[in-house]
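Have a look at it before you read on.

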Amino acid sequence: MISRIVPFVLLAILVSIHAQLWSGRGSVPYVKDMKQQIATQKTENEAARRENVRLETEVNDLKQGMDMVEGKARNELGMVKPNEVFVQYTRK
């Protein structure tokens, strides 16, 4: 009697393990999706790191010299020095 039950129990265990392999947490599709998410996050992190380095460099430049501040004020805000004439042209 026991010799007949053992194959069915082993088959049930095998089916259970196989089902976990293809569905649920830790399954092949789940792991593939997680690897894709990790790759995407690494790309986003690298872009953020580069932006942080650029901003840090800009902050250091602003702290060290007034030339950078003057250049930003002129370009971004259109500021001029006394007795200067501001001329703006546009291309057609």
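This is a predicted model: local features need pLDDT of at least 70, side-chain atom pairs count only at pLDDT 80 or more; totals for chains, interfaces and linings use all residues.

1. Everything here is computed from it.

2. Start with the nonpolar patch on the surface. Ile-5, Val-6, Val-9, Leu-10, Ile-13 and Ile-17 make it up, and together they have about 520 Å² of accessible area. Val-9 has a relative accessible area of 41%, so it counts as partly exposed, since the exposed label needs over 50%.

3. How many salt bridges does a search of the whole structure find? It turns up four.

4. Take Glu-46 and Arg-49: their closest N and O atoms are 2.6 Å apart, in a salt bridge. They are three residues apart in helix α2 (residues 28-64), so about one helical turn separates them. Glu-46 is partly exposed at 32% relative accessibility, and Arg-49 is partly exposed at 45%. There's also a network of salt bridges here, linking Glu-46, Arg-49 and Arg-50.

5. Now look at Arg-54. It forms a salt bridge with Glu-51, with 2.6 Å between the closest N and O atoms, and another with Glu-58, where that distance is 3.1 Å. Glu-51 lies three residues from Arg-54 in helix α2, while Glu-58 is four residues from Arg-54, again about one helical turn.

6. Which of these is buried or partly exposed? Glu-58 is buried, with a relative accessible area of 19%, because the cut-off for buried is under 20%. Glu-51, at 35%, is partly exposed, and Arg-54 is partly exposed at 43%.

Technical notes:
Residues are numbered from 1 along each chain as its sequence is written. Side-chain values use heavy atoms; hydrogens and water are left out. Patches are made of residues with over 30% relative accessible area and no salt bridge: like charges are joined within 9 Å, nonpolar side chains (Val, Leu, Ile, Met, Phe, Trp, Tyr) within 5 Å. Accessible areas come from the Shrake-Rupley method with a 1.4 Å probe; for residues, only the protein chains shown count as cover. A salt bridge is a side-chain nitrogen of Lys or Arg within 4 Å of a carboxyl oxygen of Asp or Glu. Buried means under 20% relative accessible area, exposed over 50%, partly exposed in between (1.4 Å probe, protein chains only). Helices (H or I, at least four residues) and strands (E, at least two) are DSSP runs, numbered from the N terminus.
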